[in-house]
Every structure is written in C-alpha cells, then in structure tokens.
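This report describes the architecture and the contacts of a two-chain model. The sequence and structure are shown below.

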Amino acid sequence: MHGHEMTFDPARTAPAASQAPFTGDSRSPETTGITVPSFGWTGVAIALHRLQQQPTSSIVVVRQADHLPLVIDLETNAYWWDTPLTAFPSEPVDIDVVVEPKDPAVEASRAPGTDLDALVWLIGNHSFLGELAWWLQRDDRYKLVRWPNFTMLAHTPEQMRMTAMLGYTFLPVGELANASESDPAEARRLINAFSLMRLLRAESPEPSEVAVSADPVYVPPAPQQRRGGLFSRLRDRLGL
Amino acid sequence: MAEHVILFGGPMGAGKTTAIETLSETEVVRTEAANTDRETADKDTTTVALDYGEITLGDTDKVRLYGIPGQQRFDFMWSILKERAKGMVLLVNNDAADPVGEMLAFLDEFRDLYDRGGVVVAATRSDVSATPTVADYSAALTERRPDLVVPVFTVDPREEDQMRTVLMTLVANIEMREMFLTSTASQPTSAAAR
C-alpha cells in the first residue's frame, strides 16, 4: 500500500448500502431486498477532484467489469483507455478506483495519451446521481472562466444555453436551471462537469443573501413555450 | 421575413468558404479569384468579395451567411457588412505563424461585434498544429477583455456537426447577452423603486 493511495469507499456515504461491497451496480446480488443507488462515476470524480486540490505525481486507475483499465494522468491532462468514448459506460459495473504513484519505467514506455477533457466532461455528467458534487455549495454562484471546446464534446442545446448564461453572469445552480428552463439535475450535472474541468469560478453569497427556501420545482415548459428565439428555431431547423 | 446576418471572418486560408458551404442549405455563391499571395496561404483561389449562403427557418426567418475577404485590402467590405451583422464566426488557422495575434487583430477591426458578445472563435487545422490550444486563445481574449467570455472551439470546417455547434453557440451567446441586458435594464433602480 502506498502512502497516498486511496480508494473510494461508498459505505461512508450510502447507509443503505453499508453492508454491501461497493460495486457501483444497483443490480448487485449482495443487495437483495435493498435498492442500492448506482454511484456510477462518482468515485472517479472524487479522486480527480482530490488530485486537483493536492497535486501529486500520481495516476488514477479505474477498473470495471467488461473493460480494460482506464488510466488517467492529470499532470499531462491525458488518459489511456481501450474503450472509445462513444461506448462510454454511463453506469459502470463493479467499478474500482485507485490512485497510485507513477512508475517512471511504465511512464517512459507509455504511448502518448488522449486529451482528457472529453472524458472528464462525461465523468462529471455521470456522477453524483444528478446531485451537486460534494465539494460544491448550492448557494454559491458560478461563472464560466472559459468555454469548453464543445465541438469535441457530446452536448445538448440545453447545455449550450446554460453555458452561455454562465458566460455572462454569476448564477447559483437553482437560478441557472430556472432561467434556462432546464431540469435542475441537468444544471447540477453541468456544473459538476465544468467544476471537474476547472472551467468555473465561484463566489459565495453574503450570509444575508442565502435563501432559506428550496430550489424552485422544475416544470418542463410546454413545447410551444420554447419557440421564442432564433436559437430555438435554428435548433428545430437543424434537427438538434 | 426577419433576416439575421452572420459573418465568417478571418485571415486568408482559414476555411471561411468551406464553413459556409457546410452550413448553407443553398449552393454557395462564391466570388473567388486566383490567389496571388502564395506566401500567406498556399491555395489556388481566395475570396475577393463575398461568399454567400443561407439557412431558411420556415416562413419567418432567414439566416444569411457572409464570408468576408480575409485580406486587409478588402476591408472596405467589412465596414459595410458589420453594421448589419448579428454576429461573427472568426476562423483562424492554427498552423499560421501567429494565429493568436491574427485573432486579436481581427477583433480590433470588429470591435462593435466583439463588445456585443457576438463573436465565436473557431480554430481550424488544429490536427496539423496542436498549439495554440483553446486555452491559449481564451487567455489572450481574457487579457484583452476580462469581462467577456468568448467561446473558442477547434473545428474542421468540413464537419457539419461542428459547424452547427459553432453557429448555435454564437446565436445562444447573442440571445443570452440580450436577455441579461434586458433584464438588467428593466430592473428598477433603488431611486425609481421608491
């Protein structure tokens, strides 16, 4: 065991699953009679965030059923994985996340990796069960530092509109969802992903500004209500 | 019918004509001539006046796509079109000698659009030259205007999905800016509220 090796321990975060080994798979046979939420890529997201906060010369190794190991190196912003991102498993099975020191001999022999942004975008969008990442605050306001390279990322028109909003002003997640008429879970996923991609800056509200009410309830707008601007008409015309 | 003029600007050889061809639903009207400036861009022809394509949105809107000549000697064309333009896709060639400098020079020429948030930067040929990165472009833009977050993407102008993303982002950005300016303007000042 290396000094700074760490594994994701969901038992600390999911009381209902505390008797079962974490697999990230709600179909685990160990959990008969208990519904265990799928934590998906949450463990990987946490490992990446920790390494971003305390950079070390380490790699993240992700093992899961039916896939060869995924190796992530934040220092070089690269990853190595045989699975193409078009086949990204949104609900990984039997996932295991380990942070381990780089082995210079292995690093020297490794071929150049693939740019990490597209993978981190997917991880951010498929972790935390649609809730806000644990290191983010619901009442904090977020603004974009720079746009993600959307031509290289699978994205929706709603994500594009929310991103445009974040380019202009600081918004808490609830207001972002409300203003863009988006599902709050989608807004949280977007913020999670941008946070992992280090594309956000945050500012905390003054104590007097902190709302005591919950996020507004999301009611999807009727289709005819979405037909306002040129963006909507272009989206329809282009079949997006 | 409402008309929305979108410009495609940038240095010679950045892919403006190709980008319009990819997006336009009609055959693009091309006004190219023999390129006599092989030092800047090694291609047979270059745009000397305008390229034109369009996207029709039902009976109500038409998006007009104008490719404007990349050479400074045609800059009289720029001033005519930028008055009518809603926004601009600024294409820069990533394997040029100084693509970041070229981007900034063009933005100076189109300052009004830039100030209105009506610009998306699209870096072509990033498969040939990996640098500058989108982060490099963004850093230069932030240094110039810290209050604006200009979208910067890598693109292959032949790829329809990528060019649609660029166009949709430009429109989303313009509409969001208008929305925030409207909401800011409509908020009563403290004096008025009293």
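## Basis and conventions

Helices (H or I, at least four residues) and strands (E, at least two) are DSSP runs, numbered from the N terminus. The model is predicted: local features need pLDDT of at least 70 and side-chain atom pairs count only at pLDDT 80 or more, whereas totals for chains, interfaces and linings use all residues. Residues are numbered from 1 along each chain as its sequence is written, and chains are lettered from A and ligands numbered from 1 in the order in which they are written.

## Chain B overall

Chain B contains 7 helices and 8 strands. Of its 194 residues, 42% are buried, a residue being buried if 20 or more other C-beta atoms, placed from the backbone, lie within 10 Å of its own. Two residues are in contact if their C-beta atoms, placed from the backbone, lie within 7 Å. Among the contacts in chain B with a separation of 6 or more, 69% join residues 24 or more positions apart.

## Domains of chain A

For chain A, the domain assignment gives domain 1 (6-125) and domain 2 (135-238); such bounds come from an automatic or database domain assignment. In chain A, 11 residues of domain 1 are in contact with 11 residues of domain 2. On the domain 1 side, α1 (42-53) and α3 (117-125) of chain A each supply at least two residues, and α3(A) gives the most, with 7 residues.

That side of domain 1 of chain A divides into 6 nonpolar, 4 polar and 1 charged residues. In this classification, Ala, Val, Leu, Ile, Met, Phe, Trp, Tyr, Cys and Pro count as nonpolar, Asp, Glu, Lys and Arg as charged, and the others, Gly among them, as polar.

## A helix pair in chain A

The axes of α5 (residues 173-180) and α6 (residues 184-196) of chain A come within 9 Å and cross at roughly 125°. Axes are lines fitted to C-alpha atoms, for helices over the stretch in contact, and angles run from 0 to 180 degrees between N-to-C directions. α5(A) and α6(A) are therefore oblique to each other; angles under 35 degrees count as roughly parallel, over 145 as roughly antiparallel, 65 to 115 as roughly perpendicular and the rest as oblique.

V173(A), G174(A), L176(A) and A177(A) of α5(A) make the contact with P184(A), A187(A), R188(A) and I191(A) of α6(A). By class, this contact has 6 nonpolar, 1 polar and 1 charged residues.

## The interface between the chains

Chain A contributes 24 residues to the contact and chain B 26 residues. On the side of chain A that touches chain B, α4 (157-168) and α7 (230-238) of chain A are the elements that give two or more residues. The residues of this side divide into 14 nonpolar, 5 polar and 5 charged.

Notes: Buried ≥ 20, exposed ≤ 12 C-beta atoms within 10 Å, placed from the backbone.
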